[in-house]
Amino acid sequence: MTRSPSSPGFWRSPLRGAWLTSALGVVLLGGITVLFVTGLVSYAAYNPNLSPVNDKTPDKGILGFYLFPWPTDPHWLYRLNQGLHVTLGITLIPVLLAKLWSVIPRLFALPPARSLAHALERISLLLLVGGALFEFVTGVLNIQLDYVFPGSFYTLHFYGAWVFFAAFVAHAVLKTPAALRNLRRLRDEEPSDLVSPRPDPPTVSRRGALWFVGGGSLLLFATTAGQSFDGLLRRTALLAPHGGADPGGGPSGFQINKTAAYAGIHAAETAEDAWRLVVTGRTGTVRLSRAQLARLPLHSAALPIACVEGWSTSDQWWRGVRLRDLAALVGYDDDPPDVLVESLQRRGAFRRAALRANQVADPRSLLALYVNGEDLSPDHGFPARIIVPAAPGVLNTKWVARMTFGDL
Ligand SMILES: Nc1nc2c(c(=O)[nH]1)N[C@H]1C(S)=C(S)[C@@H](COP(=O)(O)O)O[C@H]1N2
Ligand SMILES: [Mo]
């Protein structure tokens, strides 16, 4: 009988019990709530309701009820939100695994259902555990493996989050009161189905086990958090982000997402006599060479790049033409509208992006020609790239070829 995982005697760890499960559960209650909120906020930052170009989940329906025009202040808003989302998610992995370990006897408990209510509870647990694993696995794969699900990561992670969070809320409502009661007791006084009837001798105390889990989390935190900083700190980010191109040193020596070579940008098409920026608006189309752009009024802005993958740079010193000045060139003198930005890049999900009127109007929003006092490097978007305060990296289109102003 004890050979079968469905018999309680099969599970021998003396650590299992209501207290350990409750302690881990309370940590996840707070942590996963933060993950859900920062995830929804990150989704809003893409301005998915602005244009189908920005929207990876056009069928979201009422799940987009909370969307709002993404602001441009404070300029580090996306950097903070996404750094928190990804770093916290990675840090919670050991806690999630320990929590699942602590309740594993219940997965095998027989009979499968004692009543209709019990059957419903077990189905909701399936959604809870399946949803948690799905969200953590898709999140980590997206960071580590460079978009293993081309174009569909956002879709999977977004819908998965709603299914998971619905089950999570139901579970939290049912279990939190008992979990808090369990934590106030130091020992498992009440008999719990999690307590092994034939425990092995302990090799570590329950507190020791918690320290072990916490140590794992701390290790992951210490090897991830550096991705949001520069210099020596970034080198501590051993686990993040995925390999990427070495940005080298000097003015352009900050994190590169996709290189020019990867994006299929050839030097011949960015050369001074070949490249023209095509700007279209109310009054028609204007074509500008890079030299002509450089003779327009130039402005500077200190802004970071902050990627959905969680990494970010500190503020870089960008210099270029204000987006609202470009809008004025094609007939929008003091009422800049939305803009569709398209790259020279021919393939890939990030070759174009739409920016909202409030982003165009911000005086710090630039079509940058220079960074940190030098021409943009090919990998950072030469001849010209977008940089907008508080926006996710994806909206900072590189190798810009065409800008179409007008209400989208
Ligand atoms: N054309 C184009 N622009 C792009 C991308 C891209 O793949 N193609 N990647 C975006 C993403 S996801 C990020 S995070 C930033 C990164 O900019 P950086 O490589 O200069 O740091 O560029 C954005 N602009
Ligand atoms: Mo990104």
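This is a predicted model: local features need pLDDT of at least 70, side-chain atom pairs count only at pLDDT 80 or more; totals for chains, interfaces and linings use all residues.
Mentor: Residues are numbered from 1 along each chain as its sequence is written, chains are lettered from A and ligands numbered from 1 in the order in which they are written, and side-chain values use heavy atoms, with hydrogens and water left out.

Trainee: Where is isoleucine 93 placed, and what does isoleucine 93 touch?

Mentor: Isoleucine 93 is in helix H3, residues 93-102; helices (H or I, at least four residues) and strands (E, at least two) are DSSP runs, numbered from the N terminus. Leaving aside residues up to four places away in sequence, isoleucine 93 touches Phe136, Val140 and Leu220, where contact means heavy atoms within 4.5 Å.

Trainee: What makes lysine 60 and aspartate 55 a salt bridge?

Mentor: The term asks for a side-chain nitrogen of Lys or Arg within 4 Å of a carboxyl oxygen of Asp or Glu. For lysine 60 and aspartate 55 the N to O distance is 2.9 Å, so the pair qualifies. Both lysine 60 and aspartate 55 are buried.

Trainee: Why does the pair of aspartate 73 and arginine 364 tie together parts that are apart in sequence?

Mentor: Their side chains meet in a salt bridge at 3.2 Å, N to O. Aspartate 73 lies in the loop between helix H1 (18-45) and helix H2 (77-91), and arginine 364 in the loop between helix H13 (357-361) and strand E7 (366-371), so the pair links parts 291 residues apart in sequence. Aspartate 73 is partly exposed, at 47% relative accessibility, and arginine 364 is partly exposed too, at 22%.

Trainee: How do you know that strands E5 and E6 pair?

Mentor: Two strands pair if DSSP finds at least two bridges between them. Strand E5 (residues 339-343) and E6 have 4 bridges, so they pair, in the antiparallel sense. Valine 339 has leucine 355 in E6 as its bridge partner.

Note on methods:
Buried means under 20% relative accessible area, exposed over 50%, partly exposed in between (1.4 Å probe, protein chains only).
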